[in-house]
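Please read this short report alongside the model shown below.

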Amino acid sequence: MAVSDHNITDKIDITDVTCPITFVKAKVAIEELEEGEILQIHLNSGEPLENVPRSLGEEGHEVLEKIDNNDGTWELIVKRGQEV
Amino acid sequence: MGVRIIIAASLRTFTNRTPEVEVQADTVSAALSALTDEYPEAARGLFDENGDLRGFVSIYVNDRDIRTLKGLGTKLSDGDEIYLLPAIAGGACESVISTERMKEVKIEDKEIRRYNNHLQLKEISIKGQKRIMAGRVLIAGIGALGGVVAERLAAAGVGTIGLADDREVLLDGLQVQTIHSSRDIDRPRAASARDRLKKLNPNVTTVTYQDKLSADNIEEIIEDYDIVVDATDSFVTRYLISDACALHNKPDVFGAMYQFEGFVTVLCTGDAPCYRCLYPSPPPAGIVPSCAASGVMNALPGIIGSLMEAEVLKLLTGSGEPLVGKAIRLDSWNLQYRMIHTASDPGCAVCGSAPSIRTVQDIDYEDFCGLREDPDEEPIEGIEAEELARRIMSEEKITIIDVREPHERAIRRFPGTLAIPIGQLARRQKELDPEVDTIFVCKEGKRSILAIRTLREAGYTGPMYNLKGGLENAAQIIFPHEGAWL
């Protein structure tokens, strides 16, 4: 699937920061959304790609898709989980 | 076998408000049966329809949870204490910051970096950090403890920090008051602290109050805040702050230190007592040395101040287990601590069921703490430091009695005096010559007043004078001349 297949509510770019700020920025952005809304995260491969999806999953959000941009960056499509 | 059952405030609706019951029992189970025999209502509070202990009630025997012992079968000995502590008494609190106020806060990109440590924690996270940022906290007393609380809360990102202090930075305080620096000496402590907080975190709004806190201004000041931190070192301000907090429903995060020991608790919120519930009356003036006269080990304010700061964060975020209905006493030198359960006093004059105090204006705090001179009592004559220095220089025949404790005399020597601690004065009054003037000195000029009263009561009739403001005030005047008159 491509990015256009998702009904994206908000987008963020976390390629300019390193862990753990990557995760914290993603977390702040997704918590601004309502349950079920979708966040697109532009991030680097390597550590961010390993940690951010896992950590967001642990927080109760659903990672729908990881799309490789083939330039060392990825798009992460995440659905806002339930309010805890 | 006699054991005492101590009942937390929120369970006392089942025991006709009785805080404590003595029963004869050899196990916890038998003790509870004895309790429910006496107060049948208590059975409904403690046990469910199957007769099982309800989950929200914790039971401690001599401060140990029975779940770590043998449960209800735990054996008891004479003199044991059983605490009944329902979870709600000390459990997680609601945040003092409303959801509306939390939602008004936006976290900017730069703040994500600054506050990432809290944002990563599930227990605080974004909502908690927003509540911290929306929070308004007043800190009373910006010395060793208040300074630690102020610095850490500023770094944490508390939105508005009020700094109430009417004193100035002294060289004498710098060893323990790390918020102030050498270049701040003689500046107002509130202003010095404000500058430090601005450097730590420019996002924090600070408000300084340099007037002495009193019954005339306290209510107006605390009105603007969510939480009050009491880091003062006098009984007058402690009762004043606690009374005002109890009357205006503001949590009072209280901390105190003595040498190596610290005490922290949260007062005036939920099931927590107020300071007056814990201590209905202060010690007589002059008997207990103030913190300023007893020394403090320099690591202690960091430990106790940080514990206080953690309480503020728990109250702001509405997470964790705050010291509500509990207090901690820590001996940092022998590394021992004890958590004690505190309870409000139904008969308390301020927060009890039939309060007699409705406003702080009802109380003369100086008088309550024994600091006001009794008009019927013979007045005590004071002597200024300049006058004492002149009389020493001109070698007049006078007696100077130093009533300070040995460790205080070792810090600031005052030669040519007779050192007699207050406790020995009456017995040693023969050492005084009633034909010459006797001048009493101590650190702050308060214990020396007590010394003169003590001797008067013991029947001494010679002329006695009090060095006004004590040696702390006289240091600049008397000690520069030391070499000249010794």
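How many residues of chain B are in contact with residues of chain A?

## The contact between the chains

Seven residues of chain B are in contact with seven residues of chain A; two residues are in contact if their C-beta atoms, placed from the backbone, lie within 7 Å. This is a predicted model, where local features need pLDDT of at least 70, side-chain atom pairs count only at pLDDT 80 or more, and totals for chains, interfaces and linings use all residues. Residues are numbered from 1 along each chain as its sequence is written, and chains are lettered from A and ligands numbered from 1 in the order in which they are written.

On the side of chain B that touches chain A, helix H5 (109–114) and helix H6 (116–120) of chain B each supply at least two residues. The largest share, three residues, comes from H6(B). Helices (H or I, at least four residues) and strands (E, at least two) are DSSP runs, numbered from the N terminus.

## The sheet of chain A

In chain A, four strands make an open sheet with mixed pairing, in the order E1-E2-E4-E3. Two strands pair if DSSP finds at least two bridges between them. Strand E1 (10–13) and strand E3 (62–68) of chain A are at the edges with a single partner strand each, so one side of each has no neighbour in the sheet.

E1(A) and strand E2 (residues 38–44) of chain A run parallel and are joined by four bridges. A:Ile12 stands opposite A:Ile41 in E2(A).
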